[in-house]
Amino acid sequence: MKGLQFAYFITNTITVYELMLVLHVIFAVPFCRKPYRYVLVGLGNLLLHIVLCGFPELAWWEISCAEVVYGLLAVVFVAERKGRAFLFWLPSLNLYLQWSTVLSVVFSVLDDLFSLKKSEVEIGGKLVTMGTLGWLTDILLLLLLLLLASRTSWNPTASETAFMVVFGLLCPVLKTNLNNTVYSITWCMSVILLNAAVFYGIRHRKGERHYREVSQNQKLQFNEEYQYFKDYKQEQREMAGLRHDWNNHLLLLSSLFERGEYEKAKAYFLELSGRYQSGGKGILTGNELVDIILNAKAERLEQGRIAVSCSGGLEALGFMEPVDCCILFANLIDNAIEANEKCEGERYIRIALSENAGNIMLSIENQWNGDWKLADGKPISTKDNAETHGVGTRNAFAVVEKYHGTYRLLTRKEGFAVQMIFSGEK
């Protein structure tokens, strides 16, 4: 009996980890990334159950209270947002109890169906019947929660969180009597269907919102890129007009100088300069499209006190299609501006291009505050609803890959740089 009792307590030590996963998956509670804390929690839980084994006179409710209190302390100890973990701990516990009860009933039915051996364990003066498969309940539930956590990005809204709290608090009411096998099966099926309906409804609504936001983001990006091309075509028309009339302008200026009308010549020259200086745009990189993109953001750059510099002529990027060049620079410059706006002190964007042995190295460096994340070696958005953002960054790096290039992210003192290398073979 002591051996079975100890085995029962050992399987219960993973309960606290299951509670953490429920909090993380359902209520989006973040947990720390310090492995030693999880080890301490596991060892403490194991020690608690070993101590409980040494007091057979303890009542069932006393053991349950000890487990509940330890579970709460452990969850709060590991959680990054301790207030949120404490607030949603009770509904998470109820959801866990509901799901584990469903698995226990299923395994009990299977034990009866296949006539598997059952054993009785005395816990707190109460005999607990454990079937052969029943011992696997917590292990299987832990694996299912781990799988769900790895494939789910929940981020519930306030209304969804409130609904899950109510659902979690009321779900124990559904469990009234599991002594009858037929009732047990019916209860399990109703609980499974109810949970499935709840999760499907919320996920379906979140999916609609996700694709709607992605569509809106892509529409905004398309409109911005379309405006760049309109500016680009307008600039081309202006330059074509300048080239067409240039000889006439030179003839008139020459005539004015020959007649000694220097003031008129000066005024005419200044008028020409004002008309054909591309609207006063002062950022020149050697690539007309990049110039248009940067000058279109000149007002935001000036308001943010962000200095822009360029070394190396960007005309070497002429192998890119205009639409690809626009996607690449528009998105990376937007990211650089946003990173600068979060920083104090010197703000800058440095664009550099160099060629070596037929390869082109392009670098865009900016000020940053260290706030960025990686997923599979690629940057991800740090904005709210990150799954609907970061589209522009992914599109920019897709352009690099389209031209058989590579990219990497570098940190230099207080600067952050995106470095891209394009092979000479296009």
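Phe 27 counts as buried, since its relative accessibility is 0%. In this predicted model, a search of the whole structure turns up 6 aromatic pairs. One of them is Phe 27 with Phe 88: the ring centres sit 4.8 Å apart and the planes are at 0°, so the pair is stacked. Distant parts of the chain get linked this way, as Phe 27 belongs to helix 2 (residues 15–27) while Phe 88 is in the loop between helix 5 (82–87) and helix 6, 61 residues apart. Phe 88 is buried too, with a relative accessible area of 7%.

Then there's Phe 397 with Tyr 407, an aromatic pair that is also stacked, at 3.9 Å centre to centre and 10° between the planes. Here helix 14 (residues 391–402) supplies Phe 397 and strand 8 (residues 405–412) supplies Tyr 407, and the two are 10 residues apart. Both Phe 397 and Tyr 407 are buried. Elsewhere, Phe 319, Tyr 403 and Phe 422 make up one aromatic cluster.

On to the charged side chains. The count of salt bridges comes to 6, and here are some of them:

| Glu 261 | Arg 259 | 3.1 Å |

Together, Arg 259, Glu 261 and Lys 264 are linked in a network of salt bridges. How exposed are the members? Glu 261 has a relative accessible area of 23%, so it is partly exposed, while Lys 264, at 53% relative accessibility, counts as exposed.

Glu 341 is in helix 13 (residues 322–341) and Arg 300 is in helix 12 (residues 298–303), so the pair ties together parts that are 41 residues apart in sequence. Both ends are partly exposed: Glu 341 has a relative accessible area of 34%, and Arg 300 has one of 31%.

Helix 13 also holds Asp 334. Asp 334 counts as buried, because its relative accessibility is 14%, and its side chain is joined to that of Lys 297 by a polar contact of 2.6 Å.

Now for the surface. Leu 136, Ile 139, Leu 143 and Leu 146 form a nonpolar patch there, and together they have about 350 Å² of accessible area. Leu 136 is found in the loop between strand 2 (126–131) and helix 7 (137–151). With 40% relative accessibility, Leu 136 counts as partly exposed.

A couple of backbone points are worth a look as well. Helix 6 (residues 89–113) runs for 25 residues and reaches 36 Å from its first C-alpha to its last, close to the 36 Å expected at 1.5 Å a residue. After helix 6 comes Ser 115, which has a positive phi, near 55°.

Finally, take Ser 363 in strand 5 (residues 359–367). Is Ser 363 buried or exposed? At 7% relative accessibility, Ser 363 counts as buried. Its C-alpha lies 5.2 Å from that of Ala 352, although Ser 363 and Ala 352 are 11 residues apart in sequence.

Conventions:
Residues are numbered from 1 along each chain as its sequence is written. This is a predicted model: local features need pLDDT of at least 70, side-chain atom pairs count only at pLDDT 80 or more; totals for chains, interfaces and linings use all residues. Side-chain values use heavy atoms; hydrogens and water are left out. Patches are made of residues with over 30% relative accessible area and no salt bridge: like charges are joined within 9 Å, nonpolar side chains (Val, Leu, Ile, Met, Phe, Trp, Tyr) within 5 Å. Accessible areas come from the Shrake-Rupley method with a 1.4 Å probe; for residues, only the protein chains shown count as cover. A salt bridge is a side-chain nitrogen of Lys or Arg within 4 Å of a carboxyl oxygen of Asp or Glu. Helices (H or I, at least four residues) and strands (E, at least two) are DSSP runs, numbered from the N terminus. Buried means under 20% relative accessible area, exposed over 50%, partly exposed in between (1.4 Å probe, protein chains only). A polar contact is a pair of N or O atoms within 3.5 Å; within protein, one must be able to donate a hydrogen and the other to accept it, and residues adjacent in sequence count only if both atoms are side-chain atoms. The expected span of a helix is 1.5 Å times one less than its number of residues. Rings of Phe, Tyr and Trp (its six-membered ring) pair if their centres lie within 6.5 Å; planes under 30 degrees apart count as stacked, over 60 as edge-to-face and the rest as tilted.
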